[in-house]
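Okay, thanks for making time, everyone. I'd like to walk through some side-chain contacts and surface patches, so let me put the model up.

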Amino acid sequence: MNIEEFSNKIEALVEDIYQESLDYQADIVVIMLGTNDAKTHNWVDEVKSTFKEELIAFVNTYRNLSNRPQVYLMTSPCVFGNGNFSIDPELIKEVVAIQKE
């Protein structure tokens with residue numbers, strides 16, 4: 001299996017899990033996204049420019065379900081010092097500012 005085939009399988013798995021989460025019709029949905037985006041190699045102009053709109057669209061997929069669940073958008077956790085797992089503490093602040101809008 002080459003990298004592209006593996007990547008396609010992972011993408012399909014994520015899509016399946018996402019669809020399962022929509023089909024579940026939960027009463028409460030808790031979303032916490034953005035922490036991994038706050039890595040220098042991930043927080044590039046293309047991501048920065050679309051993050052807010054994509055986050056809103058993602059949240060709205062749950063808000064607009066027929067059972068109208070309560071949806072809670074969590075902010076990314078603080079990162080201290082030099083960061084962990086290449087997560088930049090300054091970039092987390094940028095992500096959190098967008099999440100709070």
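So, which residue forms a salt bridge with K52? That's E101, and the closest N and O atoms are 2.6 Å apart. By salt bridge I mean a side-chain nitrogen of Lys or Arg within 4 Å of a carboxyl oxygen of Asp or Glu.

Quick housekeeping: this is a predicted model, where local features need pLDDT of at least 70 and side-chain atom pairs count only at pLDDT 80 or more, while totals for chains, interfaces and linings use all residues. Residues are numbered from 1 along each chain as its sequence is written, and side-chain values use heavy atoms, with hydrogens and water left out.

Back to that pair. K52 sits in helix α2 and E101 in the segment after α3 (89–100), so the bridge ties together parts that are 49 residues apart in sequence. Helices here are DSSP runs of H or I with at least four residues, strands are E runs of at least two, and both are numbered from the N terminus. K52 is partly exposed at 33% relative accessibility, whereas E101 is exposed at 62%. The cut-offs there: buried is under 20% relative accessible area, exposed is over 50%, partly exposed is in between, with a 1.4 Å probe and protein chains only.

A search of the whole structure gives 2 salt bridges. E90 also bridges to K93, with 3.2 Å between the closest N and O atoms. Those two both lie in helix α3, 3 residues apart, about one turn of the helix.

Now the aromatics. There are 4 aromatic pairs in the structure, and F58 with Y62 is an edge-to-face one, at 5.5 Å centre to centre and 70 degrees between the planes. Rings of Phe, Tyr and Trp (its six-membered ring) pair if their centres lie within 6.5 Å; planes under 30 degrees apart are stacked, over 60 edge-to-face, and the rest tilted. Both residues are in helix α2 (residues 45–63), 4 residues apart. F58 is partly exposed at 25%, but Y62 is buried at 6%. Together with Y18 they form one aromatic cluster.

Last, the surface. I28, V30, M32, Y72 and M74 make a nonpolar patch with about 490 Å² of accessible area together. Patch members have over 30% relative accessible area and no salt bridge, with nonpolar side chains (Val, Leu, Ile, Met, Phe, Trp, Tyr) joined within 5 Å and like charges within 9 Å; areas are Shrake-Rupley with a 1.4 Å probe. Y72, in strand β2 (residues 70–73), is partly exposed at 41%.
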